[in-house]
Amino acid sequence: MCALEEKSIVLAVSGGIAAYKAATIASLLVQAGAHVDVVLTAGALQFIQPLTFSAITHRPVHSDPFAPWAADFSGHVTLADRADLVIVAPATAATVARLALGLSDDLLGLIALSTRAPILLAPAMEDRMYRHPTTQQHLQTLTDRGAAVVGPESGRLASGAKGLGRMSEPADIVRRAQVLVQGAGRLAGARVVVTAGGTREPLDPVRYVGNRSSGRMGFAIAKAAVAEGAAVTLISGPSAIPPPAGAIIVSVESALEMLAAVEEAARDADVLIMAAAVADFRPETSHASKIKKEHGQDYLDLRLVRNPDILASVNRPGLVKIGFAAETDNLLEHASAKLHAKGLDMIVANDAASTIGADHSTATFLMADGAVRAFPRLPKQELAFEIVLAAAELLAALRRGDS
Ligand code: CTP
């Protein structure tokens, strides 16, 4: 979090229900050592009190564009000048529209036109409002002018409906803020290939042999790598959750399809992170027509043949390889054996039973040089950032020529 230390951040809050989450953003920024000037729009004042923010930031909260200036404070001019970053969270549809049009009849509008600092928007609104061409056009206008956008995410919205429009989590917004203040992410310019989800090994046109992987870990890694400035290719088996924005998505089904996609993408990649649960075996025959049961048939014999090991087979000098080991027994021994057998730079070892399909994971990183880093139980997105930061360090070491 040190990138934010002593930085001046304007946190502008507009009038949506996610305004309450802006208090957490303010708190995280303050904890990271930033000086936070909160600006509330008229709409935000309907949802949340200035006192909430002044108690967190220990600074005055601003909302009135006509508030008198003082000797050392010239309203929007001072706020805009001293800002290293302006965060608009939540950015409602109305605020996005106002900013795109350059309306400056409130304090946020004045600051947005006056500042030379980067602007980070965290949109939050109902699904249809977000998808409306007007909103999309306004967001496009703002990004064309250099604004950064984080989210929105899919999930439960204030109306109770599910859709795209939830504000990104405060920790994700603060991480993005950190990258913007630093000027570049820790994987800026790097090409990263991430695999996610489980493979489906076809039996016939309607059946497959599969596993319980949700894709969540790989998607979280792809999202973290995008946030750290990498060009990300996400190769994913079928997943019920929406893929992260900002990555090139390659959808595959079987292990053989995943192998072909990884070989192609890894050709000019700097980092390969295999979070996918690849089936080790596939049915020897994939029947062209649906397998029918015979009258009185009690058994179906299935012969499975070995799939190639994708991680072990993709090797290129200059490629950082990170794998996963989800085990039920002797976790670290098995993980260490896989680290060496597959020629990896790092393996993420975790307990299969508590990880697959879950939101959280407990992990230990084993490095090729013997170093070990154990993490407590973390949300997968937090763990994903740790993996991406480790990847960035491994890549930097490789480029320096460290042994
Ligand atoms: N992996 C792979 N190709 C395979 C199987 C696994 O690239 N055919 C990758 C996974 O994505 C993961 C790592 O290898 O990053 C470990 O996978 P895992 O299935 O746990 O290990 P296996 O080597 O298959 O060993 P076992 O099933 O015996 O535990």
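Reply: A polar contact is a pair of N or O atoms within 3.5 Å (within protein, one must be able to donate a hydrogen and the other to accept it, and residues adjacent in sequence count only if both atoms are side-chain atoms). This is a predicted model, where local features need pLDDT of at least 70, side-chain atom pairs count only at pLDDT 80 or more, and totals for chains, interfaces and linings use all residues. Residues are numbered from 1 along each chain as its sequence is written, and side-chain values use heavy atoms, with hydrogens and water left out.

Me: Which side chain has an N or O atom 2.7 Å from an oxygen atom of the ligand?

Reply: That is K342. K338 also reaches a ligand oxygen, with a polar side-chain atom 2.8 Å away. L311 uses its backbone instead: an N or O atom there lies 2.8 Å from an oxygen of the ligand.

Me: Which residues are around the ligand?

Reply: Count a residue as near if one of its heavy atoms lies within 4 Å. The shell holds M274, A276, V278 and D280, then P308, D309, I310 and L311, and finally G323, F324, K338 and K342. Sort them by class: Ala, Val, Leu, Ile, Met, Phe, Trp, Tyr, Cys and Pro are nonpolar, Asp, Glu, Lys and Arg are charged, and the others, Gly among them, are polar. The shell has seven nonpolar, one polar and four charged residues.

Me: Where does the ligand sit among the pockets?

Reply: On a 1 Å grid over the protein atoms alone, a pocket is an open set of points with protein on both sides within 12 Å along at least five of seven lines; in a cavity, a 1.4 Å probe fits but cannot get out; lining residues have an atom within 4 Å of a point. A molecule sits in one if more than half of its atoms lie within 2 Å of its grid points. The ligand takes the space of the second largest pocket. Helix 12 (310–313) and strand 16 (320–327) each give two or more residues to the shell around the ligand. Helices (H or I, at least four residues) and strands (E, at least two) are DSSP runs, numbered from the N terminus.

Me: How much space lies in the largest pocket?

Reply: A volume is the space filled by probe spheres set on the points, which are joined across faces, edges and corners. Here that is about 1,400 Å³. The pocket has 42 lining residues, and the closest to its centre are E153, D172, K223, P244 and Q381. By class, the lining has 20 nonpolar, 10 polar and 12 charged residues. Elements giving two or more residues include helix 9 (170–182) and helix 15 (380–400).

Me: How many cavities of 30 Å³ or more are there?

Reply: One. The largest cavity has a volume of about 40 Å³. T95, R98, L99, L103, D106, L108 and G109 line it. Helix 5 (93–101) and helix 6 (107–114) each give two or more residues, and the largest share, three residues, comes from helix 5.

Me: Which peptide bonds are cis?

Reply: Take A89 to P90, which is cis with omega near -5 degrees. P90 lies in strand 3 (residues 85–91). The bond from G151 to P152 is cis as well, with omega near 5 degrees. P152 is in the loop between strand 5 (148–149) and strand 6.
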